[in-house]
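Subject: Structure handover

Hello,

Here is the structure I promised to pass on to you. Please have a look at it first, and then read my notes below.

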Amino acid sequence: MTNEAIRERVRYIVAEITEVEVERITLQSAPANLEEWDSLAQVNIVISLEQEFGHQFSPDQIERMVSVEKIVEVLTA
């Protein structure tokens, strides 16, 4: 999967979990600037990403996943 495909899939997952339009989700989207991205949404995003990409994230990786951009970085590292 290309980095662009990963980025788009992450945007879609974040939009789905937070129940906002995917057009509102950018690389800079984060809990700090997206009201709907609360702590419960964060847990559900991580779970959805683990299912989607078949990867269990370490606590350190989860801690770094503070925006769409950072999630993509963790997934492509």
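Before the notes, one term: a contact means heavy atoms within 4.5 Å. Two more points on how to read everything here. This is a predicted model, in which local features need pLDDT of at least 70 and side-chain atom pairs count only at pLDDT 80 or more, while totals for chains, interfaces and linings use all residues. Residues are numbered from 1 along each chain as its sequence is written, and side-chain values use heavy atoms, with hydrogens and water left out.

Let's start with the whole chain. The protein chain has four helices and zero strands, in the order α-α-α-α along the sequence. (Helices are DSSP runs of H or I with at least four residues, strands are runs of E with at least two, and both are numbered from the N terminus.) The chain is as compact as a globular protein of its length, because its radius of gyration of 11 Å is close to the 11 Å that the globule rule gives for 77 residues. That radius is taken over C-alpha atoms, and the rule is 2.2 Å times the number of residues to the power 0.38. Along the principal axes, the C-alpha trace spans about 25 × 25 × 20 Å.

Of the 77 residues, 35% count as buried. Buried means under 20% relative accessible area, exposed means over 50%, and partly exposed is in between, with a 1.4 Å probe and protein chains only. Among contacts with a separation of 6 or more, 47% come from residues 24 or more positions apart.

On charges, the mean positions of the 6 positive and 15 negative ones are 5 Å apart. Lys and Arg count as positive and Asp and Glu as negative, with His and the chain ends not counted; each charge is placed at NZ of Lys, CZ of Arg, CG of Asp or CD of Glu.

N3 and V72 are 69 residues apart in sequence, yet 7.8 Å apart in space, C-alpha to C-alpha.

E19 has a positive phi of about 60 degrees although it is not a glycine, and it is exposed, with a relative accessible area of 72%.

L27 is found in that loop between α1 and α2 too. L27 is partly exposed at 28%, and it touches R7, S67, V68 and E69, leaving aside residues up to four places away in sequence. L27 and I71 are 44 residues apart in sequence and 9.2 Å apart in space, C-alpha to C-alpha.

Finally, Q61 sits in helix α3 (residues 59-64). Is Q61 buried or exposed? It counts as buried, at 17% relative accessibility. Not counting residues up to four places away in sequence, Q61 touches H55, Q56 and V74.

Enjoy exploring it!

Best wishes
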